[in-house]
Structures are given as C-alpha cells and as structure tokens.
Amino acid sequence: MDKDLRSYLKQLDSLGPEEWVRIKKKISPRYETTAILYQLENEGRYPAVLFESIEGYSIPAVTNLHATRKRIALALGVDEASLVEEYRKRDAERILPRMVENGPVKEVVLKGEDLDLNGLPLFTHFDINNAPYITAGIVVARDPVSKVRNLSFNRGMLVGRNRLRVHMAPGMQLGRCYRNAEDREEPLDIAIIIGVHPAFAIGALALVPFEVDEYDVIGGILQEPVPLVKCETVDLEVPAYAEIVLEGKILPHIREDEGPFGEFSGHSVGVAKHHVIEINVITHRREPIY
C-alpha cells in the first residue's frame, strides 16, 4: 500500500482527542489557527489538528502531525520504545523510488490564468509577519552538475499569484544546487511538495551526503519505494500521492526582501534579501488537504 497523508489521517481517526482533533467551525488562517495551537499547548495538549473550514477557502488544512512521539511512532509503524533504534536502522537503508505514469496529484492541473497561489489557505502565524507563508513545503531540486535530487524544507513568503520569496538556509544542499545553476546563468527548476505522509517528511529532513538521492532515503524510512510522477513543466519527479505540488524556478541573480518571520519558538527574524521563485503550474488531488 502506498503511504500518503490520507492513509495516515485514517489511522489518526482511531485515536482519541489527545492525538487528533477536528475543528468544524470556520477559522481564519490569519493568527487564529496559530492561536488555537498555542492554547492547546498551554493546556498541555499537542494533538494533530484538522481545520475543516478555513475562512475564505474551500481547502481544509492539517497541522501538528509530528508533535508527539506517539504519532511519530505511528507514522513509522513501531512502538514508542523502539522509535529511535528503528529510525536509526531505516535512516541507513536505501530503497529506490519507482516511476508511475500518473497519480492523484495530477487530478487537477492549474496553469495560466487559472494558477493563483492565493487559492491555497496559507497561514499568517504572527502579527509581525507581513504576508502569509508556506512553512511545511518540501522543495525538490536536481543539482545541475551531479544530477542528484535534493529535498529540503524552506519557508516561502507569498508575494503574488505566482511568486514566492524563499529562505534557503546557509550551507545546505539546496543552496549548492542553486549556485551551480546560477553559475551557468540558469534558473533552478524546483517543485514544492505539500501534504505527504509524516514518515516522508521525516525522511526529507535526513542529513546525508550531497551525492545521496533523498527519495532513496525516504523510501528507507517508509519501508517502500516512493511512487513518483514526472512534473508538467520542469525536469523533476514528485510523489504521485502528494496532496499539492507547485512547479517553478528559482530565478538567477534576483534577491528581494523576505521577512520578517515569526518563529514558533517566540523569536523572529527580520527582513533580508532572499531568493525568488516563480511558479509555473499547480497540480493537486481532487479536494486536496493543505
């Protein structure tokens, strides 16, 4: 069985309210969703939360999937006592992905005038933020020199219907892929993956050598090959069972103001010149979950 976000949410349905909460009331993505999470935390509760009705949007949103060891163990299919040892074992394994012709992530394809990032319920977490952000998007890129794929989490600030400003942490592998493209006077093809099985997300965080394809690492964490489909407009492959994919390019030699950004820790970072992504196409499942 292919593991995806929906298969995991079905597992959560069997757990109690300490692990899984559905909120049916219409909630604003501007501050209110974050305030609810902080209130739960103040009560000593850390459930995954499904916001079924987001004000101004037709797409529900889920958050807090990795906030307890119990849910991480559930994602890996192990008991909590075995979690660390099992993760260490799987992190060392490599299971290659498999290509498929099509997948649910291609059920809806939005291009041209139909493409609008404002249709996604991006959260504005704190009043210091002057724009909504993608904060759980996984960026996939292929290094133009080695041809190896890299996956990483990078926050994206919404600045237009097809434009994001992205923060790439210094010294990390996406920055190296980008520099190799920019040195060739080329944009870097990327895709932003939104809505995956929690074990997939854990695999995307792996600290592995630059020459290791992180889809192979994710396969090891999932204990099954990741089914991939080819992108519509860029030379990349993305999970067939993702909820949403944004295809685009990081533009060469362009830096624009990104920030300020409030962090979950209570600290914030200021405005700095960061990279710019132009989105070419959005693909998603029917009735996607953000």
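Predicted model: local features only at pLDDT ≥ 70, side-chain atom pairs only at ≥ 80, totals over all residues.
Residues are numbered from 1 along each chain as its sequence is written, and side-chain values use heavy atoms, with hydrogens and water left out. Local features need pLDDT of at least 70 and side-chain atom pairs count only at pLDDT 80 or more, while totals for chains, interfaces and linings use all residues.

**Cavities**

A cavity is a set of points, on a 1 Å grid over the protein atoms alone, where a 1.4 Å probe fits but cannot get out; lining residues have an atom within 4 Å of a point. A volume is the space filled by probe spheres set on the points, which are joined across faces, edges and corners. The model holds 2 cavities of 30 Å³ or more. In the linings, Ala, Val, Leu, Ile, Met, Phe, Trp, Tyr, Cys and Pro count as nonpolar, Asp, Glu, Lys and Arg as charged, and the others, Gly among them, as polar.

| Cavity | Volume | Lining by class |
|---|---|---|
| Largest | about 130 Å³ | 9 nonpolar, 2 polar, 4 charged residues |

Among the 15 residues that line the largest cavity, Lys3, Asp4, Phe200, Pro239 and Tyr241 lie nearest its centre. The second largest cavity is lined by Ile134, Val139, Asn154, Gly156, Val166, Ile192 and Ile277.

**Helix H7**

Helices (H or I, at least four residues) and strands (E, at least two) are DSSP runs numbered from the N terminus. Buried denotes under 20% relative accessible area, with a 1.4 Å probe and protein chains only. Helix H7 (residues 214–222) is largely enclosed by the rest of the structure, because 9 of its 9 residues are buried. The N-terminal end of H7 is capped by Asp213, which places a side-chain oxygen 2.9 Å from the backbone nitrogen of Tyr215. After H7 comes Gln223, with a positive phi near 65°.

**Nonpolar cores**

A nonpolar core is a set of buried Ala, Val, Leu, Ile, Met, Phe, Trp, Tyr and Cys residues joined through side-chain atoms within 4.5 Å. The largest has 41 residues, of which Leu151, Ile193, Phe200 and Tyr215 touch the most other members. Elements that each supply at least two residues of this core include helix H1 (5–12), strand S7 (138–142), strand S11 (188–194) and H7. Helix H6 contributes the most, with 5 residues.

Beyond its neighbours within four places in sequence, Ile193 is in contact (heavy atoms within 4.5 Å) with residues including Leu151, Tyr215, Val238 and Pro239. A second, separate core of 38 residues includes Ile27, Leu174, Leu188 and Ile192.

Conventions: 1 Å grid on protein atoms, 1.4 Å probe; cavity = no way out; pocket = protein on both sides within 12 Å on 5 of 7 lines; lining within 4 Å. Buried < 20%, exposed > 50% of the residue type's maximum accessible area, 1.4 Å probe, protein only. Polar contact = N/O pair within 3.5 Å; in protein donor to acceptor, adjacent residues only side chain to side chain.
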